[in-house]
There are 4 protein chains.
Amino acid sequence: MQDIHIGLIGAGYMGKAHTIAYKTVRSIFPTSRNPVCACIATSSEEGAARSARELGWNSSTGDWRTLVNDPAIDAIVVATPPATHKDIVLAALALGKPVFCEKPLGFSAAESLQLAQAAEDAGVANMVGYNYIRTPASQLARQIIASGEIGDIIHVAAEHVEDYLHDPRAPASWRTREATATRAGALADVGSHLLNLALRLGGPVDSLVADMNTVHARRDGPHGMEAVDNDDQGNVMLRFASGALGALTFSRVAAGRKMGYTYRITGTKGAIAFDQENQNELWLYDASRPAQRQGFQRLLMGPAHPDYLAFSQGAGHGTGYNEQIVIEARDFLQAIAGGEPVWPTFRDGYEVDRLVDAALRSVQERSWITVR
Amino acid sequence: MQDIHIGLIGAGYMGKAHTIAYKTVRSIFPTSRNPVCACIATSSEEGAARSARELGWNSSTGDWRTLVNDPAIDAIVVATPPATHKDIVLAALALGKPVFCEKPLGFSAAESLQLAQAAEDAGVANMVGYNYIRTPASQLARQIIASGEIGDIIHVAAEHVEDYLHDPRAPASWRTREATATRAGALADVGSHLLNLALRLGGPVDSLVADMNTVHARRDGPHGMEAVDNDDQGNVMLRFASGALGALTFSRVAAGRKMGYTYRITGTKGAIAFDQENQNELWLYDASRPAQRQGFQRLLMGPAHPDYLAFSQGAGHGTGYNEQIVIEARDFLQAIAGGEPVWPTFRDGYEVDRLVDAALRSVQERSWITVR
Amino acid sequence: MQDIHIGLIGAGYMGKAHTIAYKTVRSIFPTSRNPVCACIATSSEEGAARSARELGWNSSTGDWRTLVNDPAIDAIVVATPPATHKDIVLAALALGKPVFCEKPLGFSAAESLQLAQAAEDAGVANMVGYNYIRTPASQLARQIIASGEIGDIIHVAAEHVEDYLHDPRAPASWRTREATATRAGALADVGSHLLNLALRLGGPVDSLVADMNTVHARRDGPHGMEAVDNDDQGNVMLRFASGALGALTFSRVAAGRKMGYTYRITGTKGAIAFDQENQNELWLYDASRPAQRQGFQRLLMGPAHPDYLAFSQGAGHGTGYNEQIVIEARDFLQAIAGGEPVWPTFRDGYEVDRLVDAALRSVQERSWITVR
Amino acid sequence: MQDIHIGLIGAGYMGKAHTIAYKTVRSIFPTSRNPVCACIATSSEEGAARSARELGWNSSTGDWRTLVNDPAIDAIVVATPPATHKDIVLAALALGKPVFCEKPLGFSAAESLQLAQAAEDAGVANMVGYNYIRTPASQLARQIIASGEIGDIIHVAAEHVEDYLHDPRAPASWRTREATATRAGALADVGSHLLNLALRLGGPVDSLVADMNTVHARRDGPHGMEAVDNDDQGNVMLRFASGALGALTFSRVAAGRKMGYTYRITGTKGAIAFDQENQNELWLYDASRPAQRQGFQRLLMGPAHPDYLAFSQGAGHGTGYNEQIVIEARDFLQAIAGGEPVWPTFRDGYEVDRLVDAALRSVQERSWITVR
C-alpha cells in the first residue's frame, strides 16, 4: 500500500484526535493509502518537538510554512484556531496539496468563499472538519431522510449546547476574542456544527432570524478582566427552501449539557431523534404503524448501520468521539485517492459560514434575513 | 363541610376530566367545601342527560343558560371550545358566580381582556385551565427557580408538540376552523400552554418573533375537503424582560410526540429539565458540584414534593393527567373559599392570549414584536 | 343505575386509594352499579369518624364487625395489615358478601388457601389487590405475551425494589414484625407483587430457590431498639413449567429505587420491558425486523391500549397510581355484577402465597423447592 | 522511547481490536514503550499474510509457534478461542515473554490455575482481557465503591445479556461446541465478564447457586444440524463474603439486548447503576441528600473521570468499545515496564473461572456450592 505523508498543524485538542485517526484508519477501514504521521507543526520548536514525541510524529517544526513547503509532505491537516486558517490553507493549495481544515473554515463567509474558490481552482481534495454529523447514527439519519422513509421534512428542531464557559470564572481565551475566534462565539464554535446539520439533514435554507447574547460580558484574562467579544448563546429560526420550519439553539453556557448536539426531525411519515450524549442510538418513529404499536424505536448502532462494522462486529459495543475523526480521515484519504470531492468540502464549509454571517446580521438588524 | 354545587358546561374530553376531579378532590385534599356534581350542560337535552347518567351528575340541561341561571348552582366550570367562552363567562360573572374556564380564555386577546376585567369587576374567583404547569414536577420547577437555586435564568427552551393532526387523513374539526377555534391553531391549543409556561417559569416577556405554517392545508370535512384555517406548527423566539432568551416550538403534527410538553431552563447556577411524557420526574443540574460529580439528577416525585403526598404516600407511585385537574379543582375551591385570586386568573389567561396575538402579528409582519 | 354500598376497613395508605377509586369509578368506566361510600371502619370510633369526614364516607365505626354485619353494606373492601385479613374476610364471606382484600391475602399460604376455599364455598365475588399488574402497560404486556407476539417465553427477569426502609433510622413498624406482617418482610410486601407478576406474565412455576437477608437487624421501636423479624431483601430463581428461567429481586432497602417494579420478558420472537417508575411506557422488541431497524420501541400508553381511553382521550397524557386502584374497583364491581370470577381471585392470591412460603422454605433449607 | 515488538495471535474480532489499540496507545497515553505491530499469526500462511496487510502488521505467520519463538517478539497477545490458550500461553511463558490472553483464560478452572501458576513462576507480566470493566464509568464505579461513598455493599444486581444467538437460524460455531468453547456457553462467553464484575465490584464470593439452559438445542452446522453443547442463558445467585447478596443473569439469546452489561450496586449509603449500551454514563444515588432532592444522578464521563482525559478534553464526547482495549494495552505495557502485576492477572482470571466451574457444578447438582 502506498504511503501518504501527513503534515499536521496544531497539537491541541483536535491535533491529538487527528493523530489517533491517522495512526489507525488504515487498520480499521480498507484505505488505498497508508498514512504516515510525518511532521507536526506548532507555534514553537520546543513545543512541536514535545508534541511529536508524545503523539508519535516522525518530525516536527515550529513554523507551519516549513511543514507546508516540505516536498515530502503529501497532505495537510489544519487544526488551529480560525484566524490562522487562511494563510495556511492558501499556501498548501498553492502547492497543490490536499487540505483538511478544522471548522469553521474561514474567519468570515467572505474568507471561506475565497478558500473554497482556491481549493476548486487547485483541483485538490479539500474537506472541513464537521465531525459530529459523521457518527454511524447521524449517517443513518441522513440515509433515512434521503430514502423518504419519514416522508417530506416539515420541521427540524436541533441544538448544539454545551457548558464549557458556563462558569463565569472560566478565563478568557482565544475562543472569546474576536481577533482569534471571529465575531461569532458559540455561534461559530458549536453553532456552525448546528447549521451544518441543518443543511445536511434539512436541506437548503431560504431565510433565518437569529437572537443571541453574551451572558458573561467580561472574563479574567492575562492582564485582568477583559471583554468577551462574542456571543455565549443564541437561537435561530429557519425557513428551509422546502418550506419546512427550523428551530435551532446553540450555547457554550448551557449548564449541564456536555455534548448537547441533538435533533428531532419530523416528516410527513415519521420522525427521527438523536442526542450526541448517547451517540450510539438513533430514535425512529414510523407513523404508519397501527396505533397500538406506535412509538419511537431505539436503533442501537451495529454492523448493519453505516460505518459501524469496521469498528466492531458487535451491535451496541459503541463508537466514541475519536472514531468520528477516523471516519473523517478515511473520507479525506478517499477524496485524495479518488479525485472526487467528498462532503463536506470547503464549498460546503462556506455554505455554513454564509449562514453564520446571516445570523450575525439578523441580530444586528433585528430582522429576518433572506439567504438565497 | 359546606356543599358547593358545581355546574359544568361541556361533556367532552375536559368535561369528563373535571367530573373526575370534582368527584374526588375533597377526598384527596383538605378542602373547605364539598363539591356536588349538580348539573351538566351540553348542546342538547338528550346528550346532556346521557352525559349526566354516564358521568354521574345530578341533573342536566341542553341549554347552558338554564344552568348558569339556576340559583342552586354555586360555581361554573366551562369546558367548551373557545368561541363559546365569552357569553357563558359573562353571564356567570353577571350573576356573581365564580368561573373556571378552559384555555385559551378568549377568542382573541381583546376578548380575554374583556373577560378578565369583568371578572375583576365582579370580584369573584376566576381561573383558567392551564393544567400541565400544575404537576408536582412543574410546581417543583417553579419553586426551584423562585428560590434562586439555579441562579438567574438565562435561557428557556420549551416545546409543546403533539401529533394528533399529523395524519393528513385526520378530519377537519372545530380545532381547524377559525370560527370555533380562533385564527391560531396549534398556537392556541398547545402553544398557549407553552406561552403560559414561559411566563410562569421564565417571567415577563419583552418581545418575540414567531414563524408558523399549516402542513396540511385541507382536510376532510362533512361536506368534502375543506380549508384548514389555522396553523399546524410553529416556532417562537422570546426575549424576556430579564434579558434571558427563549426558544419555543409548538405543534399538532409532530409525529411521534404524544405529550411533548418539555422544557429545559438554564440559569447561572444550574438548570432544570422536564418532559411531560414522564411527568413524574424533574431533572436538576447543580453547577456547584465538583466536576467528577456533575450531572443532571432525576428527581422522581414523592411525598416531599408539591401536591404529591395527598395522592400517594409512596415516592415514584406516580400521578397522571387527571390528577392535574384535581389540583386545579382544589385551587378553584380555595379561590372561592378564600376570596383571594389563585393563579392563573383570567388576567393571567389574558397575558397568555396577548402573546398569542403578538405571535400571529409577528408572522403576518414577519418581524419582531414588542409586547411591553 | 343501582347503588352498591361499599364498606371499607382501613383508612391508611390503601384506604385512601380505595376511597378515591370508588368515588370516581362509575364516572370513568361504564359500570353497572353506582358505588356509594357508605361506611368506613378503623380501629377507633374517633379515628374512623375523622377518616369518614376527611375522605368522604357516609358513616363510620371503630369496629369492623359492625360494618361487616350491617345489612346495608353490600360489599367489603379490606385494606388492613395481613394479620387481620382472616377474621374479616371469613366474617364477610359467611354473610355472603363480596370481598376485595389487599395483598398478601393471608398470613400464610395455609391461611390463604382457607380464605380461597371459603370464598369459593360462598360463591361470591372475591379479589386480591395486586394493583401494579393492572396498569395499561402491564395489561398490554399480558396481551402481547398471550397473543404469541414475542413467541415462547424463555426468560423472565423482574424486580420489585423500593427503599422505604433503606435508612437504618427508619423505625420499626407493623411491616417489620412477624406478628402483624408475617415472617416474610419485603418478600411479602413487594415480593408478592413480583411473584404475582411472574405467574401472570410467565405462567405456572415448577420450582424455585431463594436467598434473602435482613440488612438492618434492629430498628427503633416504641420501647427502644427492637429486632426486625423479617427480610429486607432477597433474590429468587424460578423454573417455570414451560421450562423458562426466571430471576427475581425484591427489596425494601434498594437505595434510590422508589417504585422499582420492573420486568424484561424474553421470548423466542422478541421481548418486552417495563419500569413502573415510568408506568406509561412499555418497551417492545420485535426480533423479526431487519437488522438495521431492530431495537426496543417505546409504546407510550394511549387510547389504543387496554383501559386507557376511559381515563384520557390523549395518548401520553398519563395515568398514575390511583388509577390502578380505579381499574381494580371496576373489576370488582364487574365480578359482583357478572357473577364471574375476575382475576386475581383469592385462589390466585393463594397461588402467590404458596410461592412466598416456598421461598421461605428454600432459604431455610438452602435448596431448590419444587412447587408443583 | 524504547520499542516493544508485539506478536498477536488471532485476527478475528478481538485481533482487530488489539491491533487498533497497539497502533494508538502510545499517542493517547504516556506509555514508556512504543509498541510495534511486529507479527501476526493465524491458522494459515495466506490468511495471516492477508491480515497483516489489512490490519497493518509488519510480518505474519501461519504457525503461532514461529511467532512465539521469534526472539524479535517481546510480548504476546492471545486472541484465539479458549481451547487454544493453554499451549500458546505456556510456550510464551516458558520463554519468559509477557502474555496478554483473552478471556476466559483457561478451558477449565484447573487449566486456568495451571496458567496462573506458570505465569507466577515465570515472573512476567500476565493479564486477562476483561475489557468492559475498564470503561471510565466502570472504573469510576470501582472508585466510588472503594472510597465508601455508597457505604457497605448490600446487593449486587448485574447482567450480561446479548442476543447474538437469539435467532435459531444462527449457525453452530466454535462458540457452541464444547471442544472449542468449553462446556460453558454463554456462561463462559458473557457470564465470565459478569462474574469478573461481581468479584471486582462486589468482592470475594462465598457461595452460589446457578441455573441455566439451552434454548436452541440444535443449530445448523457444516454437516447438517448439530447439537449445541453448552448453555444459552442462565441465572446465578451469589452470597458475597461480606454477606451481600448477588443476582446475576447472562444470556446470548436475550432478544433486543445488544450489549446488556448492566449493574446496580446498592450500599448502605447509596447506589450506583450502569448500562454498557450507554457506556459513557454512570448513575449515582446519594442517600444522604434531603428527601426533596433525592434521585439518581447521571454522571456523564468527562476529563474529571478515570482514563477519560487522554481520549478527549470534552466531557460527554464519548469513548467506545475499542478504547477499552486501548486501556488494556496501556495497562499491559505498564505491567511489562513496571514489573508489577496489573489487574486482572491470570490469577484473577482463574478466580473467575473457579466461579464458572462452581456454576456448572451447581446446575449439575441442583444445589448451592460453597466456593471458599
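**Chain contacts and salt bridges in a predicted model**

The copies A and B meet through the same surface, because 100% of the interface residues of chain A are also interface residues in chain B. The structure described here is a predicted model, and the values below were computed from it. Two copies of a chain are related by a rotation about an axis and a shift along it. For this pair, chain A can be laid on chain B by a turn of 180 degrees and a shift of 0.0 Å along the axis, with an RMSD of 0.0 Å. The C-alpha of chain A nearest that axis belongs to Ser367(A), at 3.0 Å.

The contact between chain A and chain B involves 46 residues of chain A and 46 residues of chain B. The size of an interface is often given as the accessible area lost when the parts come together. Between them, chain A and chain B bury about 3,300 Å², and 55% of this area is on carbon and sulfur atoms. Three residues, Met237(A), Arg366(A) and Trp368(A), supply 18% of the area that chain A buries against chain B, more than any other three residues.

Several strands of chain A contribute to the side that touches chain B: S7 (153-161), S8 (205-213), S11 (233-240), S12 (245-251), S13 (260-267) and S14 (270-275) each supply at least two residues. The largest share, seven residues, comes from S11(A). By residue type, the side of chain A that touches chain B consists of 20 nonpolar, 17 polar and nine charged residues.

Side chains of opposite charge can pair when their charged atoms come close. A salt bridge is formed by Arg264(A) with Glu159(B), whose closest N and O atoms are 2.7 Å apart. Arg264(A) lies in strand S13 of chain A and Glu159(B) in strand S7 (residues 153-161) of chain B, so this pair joins two chains. Both Arg264(A) and Glu159(B) are buried.

A further salt bridge is found within chain B, where the side chains of Arg175(B) and Asp189(B) meet with an N to O distance of 3.2 Å. Arg175(B) is in the loop between S7 and helix H7 (178-181) of chain B, and Asp189(B) is in helix H8 (residues 186-189) of chain B, so the pair ties together parts that are 14 residues apart in sequence. The two partners fall into separate accessibility classes.

The side chains of Glu277(C) and Arg298(B) meet in a salt bridge, at 2.7 Å from N to O. This pair crosses between chains: Glu277(C) is in the loop between strand S14 (270-275) and strand S15 (281-286) of chain C, and Arg298(B) is in strand S16 (residues 297-300) of chain B. Glu277(C) counts as buried because its relative accessibility is 4%. Arg298(B), at 14% relative accessibility, also counts as buried. Elsewhere, salt bridges that share partners join Arg257(A), Asp275(A), Glu277(A), Glu281(D) and Arg298(D) into one network.

The pair of chains B and D was also compared by superposition. Chain D can be laid on chain B with an RMSD of 0.0 Å by a turn of 180 degrees and a shift of 0.0 Å along the axis. That is the relation of a two-fold axis. Gln297(D) is the residue of chain D that comes closest to this rotation axis, at 1.9 Å by its C-alpha. The contact surface serves both copies, since 100% of the contact residues of chain D recur in chain B.

One residue of chain D was examined separately. Ala94(D) is placed in helix H4 (residues 85-94) of chain D. Its relative accessible area is 67%, so Ala94(D) is exposed. Ala94(D) and Asp121(D) are 27 residues apart along the chain, and their C-alpha atoms are separated by 9.5 Å.

Key:
Residues numbered from 1 in each chain as written. Chains lettered and ligands numbered in written order. Predicted model: local features only at pLDDT ≥ 70, side-chain atom pairs only at ≥ 80, totals over all residues. Heavy atoms only, no water. Contact = heavy atoms within 4.5 Å. Buried area = accessible area lost by both parts, 1.4 Å probe. Helix = DSSP H or I, 4+ residues; strand = E, 2+ residues; numbered from the N terminus. Nonpolar A, V, L, I, M, F, W, Y, C, P; charged D, E, K, R; others polar. Least-squares fit on C-alpha atoms with pLDDT ≥ 70 in both. Buried < 20%, exposed > 50% of the residue type's maximum accessible area, 1.4 Å probe, protein only. Salt bridge = Lys/Arg side-chain N within 4 Å of Asp/Glu carboxyl O.
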